Amino acid sequence: MLRVIDSSPDMLAACRKHCADRNLNPVLHQGCVENLDIPGKFSAIAVSFGSFMLLEKRTAAVSALQAFARHLEPEGRIFIDLELPIEDFKTENIVKQLPLIDCPDGSIILLQSTSRIDWLNQLNTTVIRYEKWKEGKLVATELQNFPLHWFGRDEFIICLRENGYQEITLCANYTDGLEPSSYKDTLCFSAVLA
């Protein structure tokens with residue numbers, strides 16, 4: 001049985017709708033992966049699209065790996081992908097205007113973003129400003145902090161080993177056997193619980 005966990009009720013609602021549109025019925029849980037506590041053991045746990053990087057502190061990342069271990073069957077496998085936020089490194093403290101979004105109600109959304117890098121803690125925080133305009137008037141504004149905690153390749157392999165994982169494999173861009181060769185590659189890790 002497929003289970004999905006997310007800390008955001010809005011993301012879970014979107015997941016529920018998309019699954020219903022496809023006649024899928026996963027079990028949805030609201031919570032944080034660093035203190036994952038749901039019934040059952042699983043043969044695999046996947047954290048996709050760089051979501052693991054949303055764990056802002058190293059301690060939270062380690063707690064998540066330990067929580068996954070508690071929820072894996074013997075020989076259970078984890079899949080985690082990571083990226084390096086290189087484009088944000090290049091544009092730190094520069095405000096970027098993103099493409100307009102046309103909404104079904106005739107309004108538009110303007111987006112601006114800027115990034116701040118904490119090099120010592122390997123944390124990139126992007127601040128996104130949303131402005132909703134309708135009929136030439138500003139009707140809503142929202143700010144979002146979007147932290148991404150990055151790992152180096154070898155650093156994450158060591159972190160996996162230190163937390164009881166073995167048979168660690170790494171490929172690039174979701175392609176088995178493809179070695180990472182560029183900082184632009186998505187690093188796709190797989191590991192078995194020892």
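Aspartate 185 is buried (under 20% relative accessible area, with over 50% counted as exposed and values in between as partly exposed; 1.4 Å probe, protein chains only) and yet forms no salt bridge, a term for a side-chain nitrogen of Lys or Arg within 4 Å of a carboxyl oxygen of Asp or Glu. The nearest side chain of opposite charge is that of arginine 153, 8.8 Å away; here Lys and Arg count as positive and Asp and Glu as negative, while His and the chain ends are not counted. The model is a predicted one, in which local features need pLDDT of at least 70, side-chain atom pairs count only at pLDDT 80 or more, and totals for chains, interfaces and linings use all residues. Residues are numbered from 1 along each chain as its sequence is written, and side-chain values use heavy atoms, with hydrogens and water left out.

What, then, lies 2.7 Å from a polar atom of the aspartate 185 side chain? It is the backbone nitrogen of serine 181. Leaving aside residues up to four places away in sequence, aspartate 185 touches Leu82, Ala172, Asn173, Glu179 and Pro180, contact meaning heavy atoms within 4.5 Å. The aspartate sits in the loop that links strand E9 (165–172) to strand E10 (187–193); helices (H or I, at least four residues) and strands (E, at least two) are DSSP runs, numbered from the N terminus.

Asparagine 173 belongs to that E9–E10 loop as well. Its phi is near 55°, a positive value in a residue other than glycine, and asparagine 173 is partly exposed, with a relative accessible area of 33%. Within strand E9 itself, glutamate 167 likewise has a positive phi, of about 50°, without being a glycine. Glutamate 167 is partly exposed at 47% relative accessible area.

Helix H4 (residues 153–162) comes next, with Phe156, Ile157, Cys159 and Leu160 buried. These four lie on the same side of H4 because they cover an arc of only 160° around the axis, the arc being that of the directions from the helix axis to the C-beta atoms. Arg161 and Glu162, on the other side of H4, are exposed. The buried residues of H4 pack against helix H2 (58–71), strand E4 (72–82), E9 and E10. Just after H4, glycine 164 adopts a positive phi of about 90°.

Overall, the protein has 4 helices and 10 strands. Of its 194 residues, 36% count as buried.

Terms used. Polar contact = N/O pair within 3.5 Å; in protein donor to acceptor, adjacent residues only side chain to side chain.
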